[in-house]
Amino acid sequence: MIIGSHVAMKAPKMLVGSAEEAHSYGANAMMIFTGAPQNTRRKDVSEMKIPEGQKLLKEYGIDHIIGHAPYIVNLGNTVKPDKLPFGISFMHDEFMRADALGIEAISFHPGAHLKAGPEVALKQIGQALNEAIMPDQKVSVAIETMAGKGTEVGITFEQIAEIFDNCQQNDKLSVTMDTCHMSDAGYDVKNDFDGVLNEFDHIIGLDKLSVIHLNDSKNEMGSHKDRHTNIGFGTIGFDALSYVANHPQLENIPKIMETPYVKKDENDKKGVAPYKAEIEMLRNNKFDPEMRENLLAGKY
C-alpha cells in the first residue's frame with residue numbers, strides 16, 4: 001500500500017524535516033506544500049534542502065512525493081480578470097518548484113466561479129493551466145474533486161472533464177480523488193465506491209487518477225460542506241475508507257491523509273498527529289475505536 005499524509009516543510013530543515021516527519025509515521029509516501037497554503041510567498045528552491053531531503057527519502061523508502069498548490073490561487077475568477085496573469089505565472093513557477101523537489105503530482109483545487117457560472121470558470125481554468133504548464137515538465141497537475149462549498153467548481157467528474165477539454169496540454173493533467181469531498185458533493189463513497197470508480201472511469205478514465213486524498217467526513221453525503229475528520233470517525237466510516245485504501249485497482253495510487261490532529265480538549269492548540277495510527281489501521285484493515293484515546297496516551 002502506498003500511503004502517507006500531509007507533512008510540514010518549514011525552515012530550517014525544509015525537505016529534510018518533511019522526510020523525517022513522514023518516516024516517523026511509518027509512511028512510504030507524503031504530501032507537501034511548497035510554502036504556506038494560505039499565501040503565495042515562496043522560498044527559492046536552493047533554500048529547500050532538496051539534495052539532503054531526497055537522500056533521506058531514499059534511505060527511508062519514501063518513494064512518492066505529492067505536492068499541493070495553495071488554496072488562494074483561483075484560476076476560475078472571471079469577475080476580476082486582472083488577477084489571472086499572476087495566477088498563471090505563480091502556477092508556472094509552482095510546477096518548476098515541484099519538478100525541482102521531485103514531486104510526481106501536485107493536487108490543485110480548481111477554483112470558484114464567484115457567481116459568474118461554472119461554465120465560464122471551467123473554460124478559463126483549462127486555458128489558464130494550458131498557459132502555466134511547460135511541455136517538458138515532469139509533474140502532473142492533479143485537479144482535485146471538490147465538495148461544492150460556495151461557488152466551487154470541480155464538484156462533478158463532468159466538470160473536471162471540461163477542464164481537461166479546455167486544456168490543450170491535458171497530457172499533463174490528472175485527478176486527485178478526495179473521499180471527503182466526493183461524499184460531500186453527493187457521490188456514494190460509503191456504500192458504492194465501485195460504482196463511483198466506474199463512473200469516473202467512464203467520464204475521465206482511471207488512467208488519469210494520480211492521487212487519492214483519504215479523508216473521512218464530518219457531514220452527510222451531499223452536504224457540500226468539506227469538513228474532514230479522522231479515518232473511521234465520520235460519516236463515510238472505516239470499512240469504506242479501508243476498502244478504498246486496499247482496492248486492487250488502486251494499489252499503485254498514493255493515498256494521502258489530510259485528517260485533523262487529535263486534541264485532548266478545546267484548550268489543546270496543537271494536538272497529536274493521527275497519521276501513524278491511521279496508517280497502521282488501514283494497513284491491518286482493522287479499526288481501533290479507541291484510536292484517539294490511545295494516541296493521546298502514547299500507545300502508537
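Buried means under 20% relative accessible area, exposed means over 50%, and partly exposed is in between, using a 1.4 Å probe and protein chains only. Keep that scale at hand for this tour.

The model is predicted, so local features need pLDDT of at least 70 and side-chain atom pairs count only at pLDDT 80 or more, while totals for chains, interfaces and linings use all residues. Residues are numbered from 1 along each chain as its sequence is written, and side-chain values use heavy atoms, leaving out hydrogens and water.

**Stop 1: H68 and its strand**

Select H68 to begin. At 1% relative accessibility, H68 counts as buried. It sits in strand β3 (residues 64-68); strands (E, at least two residues) and helices (H or I, at least four) are DSSP runs numbered from the N terminus.

Now widen the selection to β3. Here 5 of the 5 residues are buried, so the strand is largely enclosed by the rest of the structure. In a regular strand the side chains alternate between the two faces of the sheet. In β3 both faces are covered, with H64, I66 and H68 buried on one side and I65 and G67 buried on the other.

Strands pair if DSSP finds at least two bridges between them. To see one of these bridges, pick A29, whose partner in β3 is H64.

**Stop 2: the first annotated set**

Which residues does UniProt list for "binding site" here? The unreviewed entry gives H68, H109 and E144. UniProt positions follow the numbering used here, feature names are shortened, and annotations may be inferred rather than shown by experiment. These residues span 77 residues in sequence, yet no two of their C-alpha atoms are more than 9.9 Å apart, so they gather at one spot. The lining of the largest pocket takes in H68, H109 and E144.

Move to E144, found in strand β5 (residues 140-144). E144 is buried, with a relative accessible area of 0%. Draw the distance from E144 to H68: a polar contact of 3.4 Å joins their side chains. A polar contact is a pair of N or O atoms within 3.5 Å; within protein, one must be able to donate a hydrogen and the other to accept it, and residues adjacent in sequence count only if both atoms are side-chain atoms. Beyond four places in sequence, E144 also touches other residues, including H109, D178, H181, H213 and E258, where contact means heavy atoms within 4.5 Å.

**Stop 3: the second annotated set**

H181 is in helix α6 and is buried, with a relative accessible area of 2%. Among its contacts beyond four places in sequence are H109, E144, D226 and H228. D226 lies in the loop between β8 and β9 (228-229) and is buried at 15% relative accessible area. The side chains of D226 and H181 make a polar contact of 3.0 Å.

In that loop, also click K225, which counts as partly exposed at 43% relative accessibility. Its contacts beyond four places in sequence are A147, K149, D184 and N219.

**Stop 4: the nonpolar interior**

Finally, colour the core. A nonpolar core is a set of buried Ala, Val, Leu, Ile, Met, Phe, Trp, Tyr and Cys residues joined through side-chain atoms within 4.5 Å. The largest has 84 residues, and F95 and L129 have the most contacts inside it. Helix α3 (residues 84-101) gives the most to this core, with 7 residues. Apart from it lies another core of 8 residues, among them I2, I66, A142 and I256.

Methods
On a 1 Å grid over the protein atoms alone, a cavity is a set of points where a 1.4 Å probe fits but cannot get out, and a pocket is an open set with protein on both sides within 12 Å along at least five of seven lines; lining residues have an atom within 4 Å of a point.
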